[in-house]
Amino acid sequence: MLPNGTLYAPGPHAVPFYPQNVRVGRRHDNTEATLALRSPLLDEFRANKARKWELRDILGYVVEFSGDQHGSRFIQQKLETATSEEKQIVFDEIVPDNTLQLIQDVFGNYVIQKLFEHGTQVQKTVLANTMEGHILPLSLQMYGCRVVQKAIEFVLPEQQGVFVKELDPHVLKCVKDANGNHVIQKLIERVSADRLGFVNSFRGNVYDLSTHPYGCRVLQRCFEHLPEDQTRPLMDELHKYMINLMQDQFGNYVVQFVLEQGKPQDRAQVISKLRGQMLNMARHKFASNVCEKALMTAGAEERRILVEEIITPKADGVSPIVSMMKDQFANYVLQRALTVADADQKELLVSKIRPQLVSMRRYSSAYSKHLISIERLLERSAKPSDKASDYPSISPSN
């Protein structure tokens, strides 16, 4: 039974609860059963807001208060300024018998986090010791994963290594888990790279991770925090799938990350894949984001080549500019090109866009939303000598 009076049903990765010395009670305040389970002291605490409560007032009831919304908040606040004696009192009531159940509790987990933040190093070590052997199921649990992340921040490197060792055989499972992925990200951010041998298991799985809603985040943390010798094999593998990843709902974020924070040679390699593909990619829902990012992060010469591709008509006579003006995604790429292009290319873009604006305004109202934004950009880039009448007036109702 949990501190809230509800029964615990173990799942396939459940951590056992140790209900010794637990005074149950909280939540579902409208039920007589819960009221009966709640101690008189907690009832008084919830009812008597005028009294100035201190940690010593709840001796023997710390676990019950930790599992109550108001009691948990009270303990959290008091721990921030508590004396070493007061912290020890709280610690002794929770550790070791009641640690695991509170870690997994909706309110109790916050108290455990505060102990990691404000406890002594010895207390933090002992607290983490009670978690050992349970790091995997705790990492996969909604509240447990928060405590594991907090522990990673505050325990000593040797204990971080113990956490890594427990998760190592299951790292891909954690990466793809809604809770576990946050723990893996925290390990990558906080633990010395020489302890993170599990990164090798990402090799051969880069495409799979990049196209996963959680895997793509973990991969970005690797590129952000790990040294070249660990990330280079992953980056080289990433380049093999770059065109496909640009068009993926999650993969495009990894590509954008490389453009923003990758090494110059990797950024150049991504941009080279866009050459000859700007129109096609700009019209794609996800790849259009990559096109915009490429225009923003490219070197001067690379950017000129990309913008030139937008300006130059295709062999079949199709004008990329016209196609992009009409497209719900590509029009944003065209707008980005207008804002980042060199002066001479911007002037050429404007000269080609302006007559198309007039034509589209005259014959169709289907693109009004796209065109309004483009028109505003033209107005901002207009020379002082240009007359306002040179630009067609577009209203949202058209």
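I call a residue buried under 20% relative accessible area, exposed over 50%, and partly exposed in between (1.4 Å probe, protein chains only). This is a predicted model: local features need pLDDT of at least 70, side-chain atom pairs count only at pLDDT 80 or more, and totals for chains, interfaces and linings use all residues. Residues are numbered from 1 along each chain as its sequence is written, and side-chain values use heavy atoms, without hydrogens and water.

**Salt bridges.** I looked for a side-chain nitrogen of Lys or Arg within 4 Å of a carboxyl oxygen of Asp or Glu. I found 21 salt bridges in the structure.

I looked up Glu117 next. Its side chain meets that of Lys150 in a salt bridge, 2.9 Å from N to O. Glu117 sits in helix α7 and Lys150 in helix α10 (residues 144-154), so the pair ties together parts 33 residues apart in sequence. Helices here are DSSP runs (H or I, at least four residues), numbered from the N terminus. Glu117 is partly exposed, because its relative accessible area is 26%. Lys150 counts as buried, at 16%.

I then checked Glu80. Its salt bridge partner is Lys114, with the closest N and O atoms 2.6 Å apart. Glu80 is partly exposed at 43%, whereas Lys114 counts as buried at 14%.

**Cysteines.** I searched the whole structure for disulfides, meaning pairs of cysteine sulfur atoms within 2.5 Å. The search found 0. I also noted that Cys174 is buried, at 0% relative accessibility. Cys216 is buried too, at 4%.

How values were computed. Helices (H or I, at least four residues) and strands (E, at least two) are DSSP runs, numbered from the N terminus.
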